[in-house]
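Please look through the structure below slowly, with the sequence beside it.

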Amino acid sequence: MYLAKIYVTYKKSILDPQGEVVKSALHRLNYTNVQAVTCGKYFEIKLDTADKAAAAKEVETFSDELLININMESFTYDLSELAEAVD
Amino acid sequence: MRAAVINFPGSNCVLDMYYALKDFRLDAEIVDANQENLDGFSAIFLPGGFSYGDYLRTGAIARFAPAMKGVAKAAKDGRLVVGICNGFQILTEAGLLPGALRENAKPGFICDEITLNVANPDSIFSSAYDKLQITLPIAHGAGNYYADAQTLASLKAHQQIIFTYEDNPNGSLDDIAGIVNQAGNVFGMMPHPERAVDPLLGNTDGRAFFQSILQRKDLLTHAD
């Protein structure tokens with residue numbers, strides 16, 4: 001069993017309105033060190049595949065197909081093997 | 001001719017659209033999003049609302065509803081497909097219209113009446129307008145149209161931009177409010193013409209949108 005942690009954000013070329021609003025709110029709270037805020041989506045998805053390569057391939061395929069809109073978003077992911085559940 | 005109004009879970013402008021079509025004496029019916037076969041319909045309308053709760057992204061789940069297979073087939077056949085508001089979002093997610101709709105540049109839901117320019121008065125969806133500025137209601141949180149530079153150039157080259165905002169309310173690229181596909185039969189817009197067809201409600205600028213479609217009897221005879 002594998003656990004995919006998938007991070008979806010707007011492409012760099014696209015304004016991230018929520019990130020901008022959060023940044024200005026942080027500045028209003030006097031966190032003046034804050035330089036940039038990116039606001040996105042986070043998914044945890046468990047997959048049961050033969051091996052890690054197969055899990056990676058599936059994550060990449062379904063992320064493009066459903067999790068992101070390829071016109072405006074991109075994703076990164078981490079994939080780790082989960083310990084087998086003990087009955 | 002028969003017109004379908006597709007009812008997705010969470011659609012909330014189904015009846016507005018249905019009554020507008022009935023007002024123009026069209027043989028309209030409400031069709032559940034689980035119905036895949038839409039072969040009998042000359043025109044298919046995807047109404048406004050929050051299909052599937054706007055989960056993931058607006059329109060992202062609706063595009064996989066069974067009815068969207070029928071919608072894609074209709075689009076390919078050259079039949080009329082119209083997406084209003086959430087319907088527009090669904091059509092871009094499905095790839096039946098180019099570009100995408102992001103959340104508004106200033107986050108938040110806008111409910112207002114805005115001035116629109118009829119940027120292309122020669123389309124199937126705008127030919128009955130006898131003026132180039134109209135007023136229509138808007139109600140959306142994700143109406144901020146985006147397309148990459150190449151797509152925008154293509155939209156312009158093929159006169160696919162039908163309506164633009166006079167005072168851009170949501171950050172849309174080039175003030176774009178409504179577009180057609182290159183073939184001219186698939187249309188989407190964020191403003192709501194179906195909410196502006198009855199003098200009782202104080203605005204009838206949506207009527208010419210429906211009259212434009214009705215002028216194209218050649219396109220409305222499919223399956224009659």
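A residue is called buried when its relative accessible area is under 20%, exposed when that area is over 50%, and partly exposed in between, as found with a 1.4 Å probe on protein chains only. This is a predicted model, in which local features need pLDDT of at least 70 and side-chain atom pairs count only at pLDDT 80 or more, while totals for chains, interfaces and linings use all residues. Residues are numbered from 1 along each chain as its sequence is written, chains are lettered from A and ligands numbered from 1 in the order in which they are written, and side-chain values use heavy atoms, with hydrogens and water left out.

Ser172(B), with a relative accessible area of 3%, is buried, and its place is the loop between strand S9 (161-165) and strand S10 (176-180) of chain B; strands (E, at least two residues) and helices (H or I, at least four) are DSSP runs numbered from the N terminus.

Turning to aromatic rings, the structure holds 12 aromatic pairs over all chains. Rings of Phe, Tyr and Trp (its six-membered ring) pair if their centres lie within 6.5 Å, and planes under 30 degrees apart count as stacked, over 60 as edge-to-face and the rest as tilted. The rings of Tyr145(B) and Phe88(B) are stacked because their centres are 6.2 Å apart and their planes at 10°. This pair links distant parts of the chain, 57 residues apart, with Phe88(B) in helix H3 (residues 86-93) and Tyr145(B) in strand S8 (residues 144-146) of chain B. Both Phe88(B) and Tyr145(B) are buried.

Finally, where chain B meets chain A, the contact takes 16 residues from chain B and 17 residues from chain A. One salt bridge is found across this interface, formed by Glu73(A) and Arg57(B), whose closest N and O atoms are 3.6 Å apart; the term requires a side-chain nitrogen of Lys or Arg within 4 Å of a carboxyl oxygen of Asp or Glu.

Notes. Contact means heavy atoms within 4.5 Å.
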